[in-house]
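Take a look at the protein model below.

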Amino acid sequence: MNIVDNFGKIQNGTAITIGKFEAIHLGHKMLIESAREEAKKHGLECSILSFVPHPIKILADYHYKPLYTQDEQLFLLKNSVDNWIKFPFTAETANQDPADFCKILCEKFSCKLIIVGEGFRFGRGRSGTAQNLLEIAANLGIKAAIIPHISLNSLNSAKIGTSEIRDFLASGNIAAANNLLGQPFLIRGVVRRGRQLGRTMGYPTANLYPSSDKFLPPNGVYSAKITVDGIVKNGVTNIGLNPTVAVDRNYKVETHIFDFDADIYDRIILVELLDFIRNEQVFGSVEELKRQIALDAGAVRG
């Protein structure tokens with residue numbers, strides 16, 4: 001996949017789907033698949049355009065934490081499209097006329113076809129709608145297509161959206177969030193060396209220190225699936241500050257991988273959360289903590 005940023009250009013004709021793509025959930029996947037099909041039909045490259053930084057950080061909340069880091073987004077998108085356009089989002093971008101934005105797509109990115117979801121809004125004051133886009137695109141001599149929302153009635157969800165997923169994750173309802181995502185919520189990073197207290201207790205952990213800009217579900221213990229160099233294992237993950245024994249106050253994602261004891265320091269691993277087990281607790285002693293870890297591991301193993 002080719003990454004286009006800082007207003008780099010695309011020479012070949014392309015079909016572009018536009019969105020924040022924060023969660024890369026089932027709705028996003030439907031948009032991307034529609035773009036792929038249309039691109040193939042018309043002999044075009046397939047591109048997604050997302051805004052960097054996340055528009056909410058510019059428009060409303062500088063401290064907003066997206067679900068996935070850009071590295072995690074790249075991991076999820078790398079086999080999906082030909083180009084990932086990382087469009088700089090500034091106050092000027094937010095105040096841009098919708099038609100002018102579409103002209104940039106044509107002039108900079110050789111856009112011949114635009115595919116968006118029905119809730120798509122763009123331009124000054126979010127004045128541009130998906131329906132407006134059809135007219136603007138026609139005036140520029142390009143095609144546009146609108147993809148309707150999809151929903152999962154079994155979850156009583158009116159639509160599949162990032163806000164709904166964030167709410168599920170924030171409440172610890174990992175299974176419901178994963179259903180909307182179409183895959184487990186993931187944390188990807190490099191394993192760093194810790195104090196190795198888990199090893200002394202018989203439960204060695206792989207420690208990740210996620211970016212402070214990444215959304216995380218509540219502090220606590222989770223069942224997880226872990227991928228290391230293509231090897232998939234199950235395990236138990238603790239997210240939080242490890243208050244019983246921690247010296248620093250940095251958030252950690254500590255994972256005990258079942259039936260695995262290889263040296264993976266400085267290696268990239270993928271931790272996918274499957275279910276919430278319990279809240280983070282403070283224990284009176286390391287022995288109490290050790291007993292609880294054994295119970296947690298037993299509960300996850302079944």
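This is a predicted model: local features need pLDDT of at least 70, side-chain atom pairs count only at pLDDT 80 or more; totals for chains, interfaces and linings use all residues.

## Ground rules

A polar contact is a pair of N or O atoms within 3.5 Å; within protein, one must be able to donate a hydrogen and the other to accept it, and residues adjacent in sequence count only if both atoms are side-chain atoms.

Residues are numbered from 1 along each chain as its sequence is written, and side-chain values use heavy atoms, with hydrogens and water left out.

## The whole chain

The protein chain has 10 helices and 14 strands. Helices (H or I, at least four residues) and strands (E, at least two) are DSSP runs, numbered from the N terminus. The C-alpha atoms fill a box of roughly 70 × 35 × 35 Å, taken along the principal axes.

Of the 302 residues in the protein chain, 47% are buried. Buried means under 20% relative accessible area, exposed over 50%, and partly exposed in between (1.4 Å probe, protein chains only). The accessible surface of the chain comes to about 14,700 Å². Carbon and sulfur atoms hold 48% of that surface. Such areas come from the Shrake-Rupley method with a 1.4 Å probe; for residues, only the protein chains shown count as cover.

Contact means heavy atoms within 4.5 Å. Take the contacts between residues at least 6 apart in sequence: 74% of them join residues at least 24 apart.

Strand β1 (residues 2–5) pairs with β4 in the parallel sense over 4 bridges. Here I3 stands opposite W84.

Strand β3 (residues 45–52) also pairs with β4 in the parallel sense, over 6 bridges. In this pairing V52 stands opposite P88. In a regular strand the side chains alternate between the two faces of the sheet.

## Rings and charges

How many aromatic pairs does a search of the whole structure find? The search finds 9. Rings of Phe, Tyr and Trp (its six-membered ring) pair if their centres lie within 6.5 Å; planes under 30 degrees apart count as stacked, over 60 as edge-to-face and the rest as tilted. The rings of Y68 and F185 have their centres 5.5 Å apart and their planes at 15°, so this pair is stacked. Y68 lies in the loop between α2 (55–59) and α3 (70–77), and F185 in strand β9 (residues 185–190), so the pair ties together parts 117 residues apart in sequence. Both Y68 and F185 are buried.

F87 and F109 form an edge-to-face pair, at 6.5 Å centre to centre with 70° between the planes. F87 is in strand β4 and F109 in helix α5 (residues 98–109), 22 residues apart. F87 counts as buried because its relative accessibility is 2%. F109 is buried too, at 1%. One aromatic cluster takes in F51, F87, F89, F101, F109, F120 and F122.

A charge sits over a ring if NZ of Lys or CZ of Arg is within 6 Å of the ring centre and within 35 degrees of the ring normal. The charged end of K57 sits over the ring of Y62, 5.3 Å from its centre. R301 lies over the face of F258, at 4.1 Å from the ring centre.

T14 lies in strand β2 (residues 14–18). Why does T14 count as buried? Its relative accessibility is 0%. The side chain of T14 makes a polar contact with the side chain of S47 (2.6 Å). A polar atom of the T14 side chain also lies 3.0 Å from the backbone oxygen of E45.

L44 lies in the loop between α1 (26–42) and β3. L44 is buried, with a relative accessible area of 18%. Leaving out residues up to four places away in sequence, L44 touches G13, T14, A15, A39, K112 and L113. N207, in strand β10 (residues 206–208), is buried at 5%. Beyond four places in sequence, N207 touches residues including V190, R192 and V253.

Definitions and conventions:
Two strands pair if DSSP finds at least two bridges between them.
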